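Please look at the sequence and the model shown here, and then read the report below alongside them.

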Protein chains: 2
Amino acid sequence: MKRLRLTTSYGAALPFDASKPGLVLAVLALCSTMPGCARIQAKSEPLPSWSEGPAKQAILDFVRRTTDKVSSEFVPPEDRIATFDQDGTTWVSHPIYTQLQFAFDRVVALAPQHPEWKTLEPFRTVLVRDQAAMARFSLNDLETIVMATHGGVTVEAFRTIVRDWMARAKHPRFHQPYSQMVYQPMLEVMRYLRDHGYKTYIVTGGGQEFVRAYAQQVYGIPPEQIIGSALETQYTYNQAGQGILMREPKLLLNNDLAGKPEDIYLFTGKRPRAAFGNSSGDRQMLEFTQGAGGARLMMLVLHDDALREFAYGPALGLPDTRIGTFPQALYDEARHNGWVVISMKNDWKRIFGFGKPLVERVTD
Amino acid sequence: MKRLRLTTSYGAALPFDASKPGLVLAVLALCSTMPGCARIQAKSEPLPSWSEGPAKQAILDFVRRTTDKVSSEFVPPEDRIATFDQDGTTWVSHPIYTQLQFAFDRVVALAPQHPEWKTLEPFRTVLVRDQAAMARFSLNDLETIVMATHGGVTVEAFRTIVRDWMARAKHPRFHQPYSQMVYQPMLEVMRYLRDHGYKTYIVTGGGQEFVRAYAQQVYGIPPEQIIGSALETQYTYNQAGQGILMREPKLLLNNDLAGKPEDIYLFTGKRPRAAFGNSSGDRQMLEFTQGAGGARLMMLVLHDDALREFAYGPALGLPDTRIGTFPQALYDEARHNGWVVISMKNDWKRIFGFGKPLVERVTD
């Protein structure tokens, strides 16, 4: 249903049903006598991919309470910070993290320069495509692979490598480019928050430079608003004597768990007003967001839709030992703290926006 | 002299002498036939505290070349990044760094909680105010003092401590609050760049959280655009069970020398288009700025005005062993690379803006 959105000078949006022009005209007449009630836009209803329910209502309420100047909980624009975990929160993280698939593909691409990998684990397992053994990789195995495939190049060269891969690689179940594996409802929340003066950040346990390579295109978020795990860089000189930054195979920031609030503060000097996650790795970020009081929005995406996406986690009564999951303890903490659990099955009318250009989905 | 500033739709400013209304009217007549030539503002001439000369001209030329849409060197707004060192570049760093004075004052304030400091060096020297011995402190001594005075509190408590100190402390020569020790010409450059779509950053060897405590008020720059040396923080819980960040006495980022380009990229994912410094600690930042080619602006402040501020450095034929200086080798590199040296004596009509409210100096 199309609605007129009547926007006041301070950005609060009041939806009106366009099928009731009499009401709209009455409000316009009233409006003409009120200061700050001039800008009227015919605009789609916000959050069209969200079903009516407590999750959608929590978002609308939060934005109204923090951006309406007459609200006692009004937040000045410079403090409007919203942080989003990525994997499982803004895009698909199953059957494996996208960045791990990238790392495995890089092992294959780099193998000609590393003949020793043919017999050296964990590289051998990747090269022979032993999926069962790959699924059993330890965190140490994965770290070895990430360091070998993410370092040793300039920051600019790495970005090009990621972009080239993103342009070619496809998700194994949906057969779509990974840039299409982003959740349409979350793009709508990001855009809705930005429309109300919020600065949106990705705060990911994944690689900061990996996400920066595509975040403007996929999320409409610039590189300086991507906070992630980061390798050290080394400033040095190329053969022309120009200053360059080389990526070193050494972790500087581990942006997961307690690392999330620590790095959010390192990068912004602020606490978020809203935070979105989906797993135990996001717990501290949500706690930190809630910690300072006032109107705050904490939300967790629950993957309970095996038909349209994936279902996993003990909250569904399913055993799950994979990393990045939503255990019962987190579910209990969410209920106890008043965090809003988003049911993909019940709260989202659609999950993906296949076919719709990304640029339309993330910009005004 | 007041001038009219005629601003085109793409933000390029063309100054016109208001004392020649005939010329202005002729241009307005022409303007009415041209698209994108409508917005006219009566505005002060930019950079009023700068003398005419190569330094001022370099700034004006750089902004014109990178923001005029018909320029072959046009830079899209999202890539307009300008970085400023702080101590000696945007405010006074003599006779000692402001933050060291803060640290010494904190030793005095914290002494009652540390009776052992009465006999323990380097604290004893600070407590007995032995200025000669303090001037000979090693880097190790200074690090010991900084760690003892900057850690062990929450990030919010530290900010309050810095703000309280800034409100009371005064510069020993000028007897003004440190917030007034900022160079008026540099505030004008920052504002001029922001007026043309540049995002201004402080990139300091000093403490990130120290500078963030006052940067909005002093420079008009928000916390997320302050990049500095940083202590680790530890996410933990207060007695009420709320998530807090404690400052740990351990260096995470040493934002000097090669650390400057490394951290600029860590925070922004970009190379600056313009960079301003005053010492060897800024060399790599300026090289990195210049490295990618295109229109770039690299500037170094030379302290050659003992009467109005301070004069130091071998470029003046004066011996100088203090940290944060401008050695002959840097001067030679500047000349070789086409970096612009700003003579405080010759290029700046005024150095301080005493009396004028800071808010007027940093905002539109």
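## Helices, sheets and the contact between chains

In chain A, the residues Gln99(A), Leu100(A), Phe102(A), Ala103(A), Phe104(A), Arg106(A), Val107(A) and Leu110(A) of H3(A) meet Leu142(A), Ile145(A), Val146(A), Ala148(A), Thr149(A) and His150(A) of H6(A), where contact means heavy atoms within 4.5 Å. The residues of this contact of H3(A) with H6(A) divide into 10 nonpolar, 3 polar and 1 charged; here Ala, Val, Leu, Ile, Met, Phe, Trp, Tyr, Cys and Pro count as nonpolar, Asp, Glu, Lys and Arg as charged, and the others, Gly among them, as polar.

This is a predicted model, in which local features need pLDDT of at least 70 and side-chain atom pairs count only at pLDDT 80 or more, while totals for chains, interfaces and linings use all residues. Residues are numbered from 1 along each chain as its sequence is written, chains are lettered from A and ligands numbered from 1 in the order in which they are written, and side-chain values use heavy atoms, with hydrogens and water left out. Helices (H or I, at least four residues) and strands (E, at least two) are DSSP runs, numbered from the N terminus.

### How the helices cross

Helix H3 (residues 98-110) of chain A and H6(A) pack at an angle of about 60°, with their axes 9 Å apart; axes are lines fitted to C-alpha atoms, for helices over the stretch in contact, and angles run from 0 to 180 degrees between N-to-C directions. That angle makes H3(A) oblique to H6(A), since angles under 35 degrees count as roughly parallel, over 145 as roughly antiparallel, 65 to 115 as roughly perpendicular and the rest as oblique. The crossing of H3(A) and H6(A) is left-handed, a term used if the near helix is turned anticlockwise from the far one by less than a right angle, with right-handed used if clockwise.

In chain B, helix H3 (residues 98-110) and helix H6 (residues 139-150) pack at an angle of about 60°, with their axes 9 Å apart, and this makes H3(B) oblique to H6(B). H3(B) passes H6(B) in a left-handed crossing.

### The sheet of chain A

Chain A has an open sheet of 7 strands in the order S7-S6-S5-S4-S8-S9-S10, with mixed pairing; two strands pair if DSSP finds at least two bridges between them. Its edge strands are strand S7 (243-253) and strand S10 (340-343) of chain A, each of which pairs on one side only. Neighbouring strands of this sheet are turned by 35° against each other on average, direction ignored.

Strand S6 (residues 226-237) of chain A is joined to S7(A) by 7 bridges, and these strands run antiparallel. Helix H6 (residues 139-150) of chain A packs on the sheet and touches S6 and S7 of chain A, its direction making about 175° with that of S7(A). In the hairpin of S6(A) and S7(A), which has 5 residues between the strands, Gly241(A) takes a positive phi near 80°.

The table lists some bridge partners in the two chains.

| Residue | Bridge partner | Strand of the partner |
|---|---|---|
| Thr236(A) | Ile244(A) | S7(A) |
| Thr233(A) | Arg247(A) | S7(A) |
| Gly207(A) | Ser229(A) | S6(A) |
| Tyr235(B) | Leu245(B) | S7(B) |

### The sheet of chain B

In chain B, 7 strands form an open sheet in the order S7-S6-S5-S4-S8-S9-S10, and the pairing is mixed. Strand S7 (243-253) and strand S10 (340-343) of chain B stand at the edges with a single partner strand each, so one side of each is left without a neighbour in the sheet.

Strand S5 (residues 199-207) of chain B is joined by 4 bridges to strand S6 (residues 226-237) of chain B, and these run parallel, whereas S6(B) and S7(B) run antiparallel, joined by 7 bridges. Helix H11 (residues 259-268) of chain B lies across strand S4 (81-84), S5, S6 and S7 of chain B, running at about 130° to S5(B).

### Where the chains meet

How many residues of chain B are in contact with chain A? There are 36 residues of chain B in contact with 36 residues of chain A. The two chains bury about 3,100 Å² between them, 51% of it on carbon and sulfur atoms; buried area is the accessible area (1.4 Å probe) that two parts lose on being put together, summed over both. Tyr235(B), Tyr265(B) and Leu266(B) supply 21% of the area that chain B buries against chain A, more than any other three residues.
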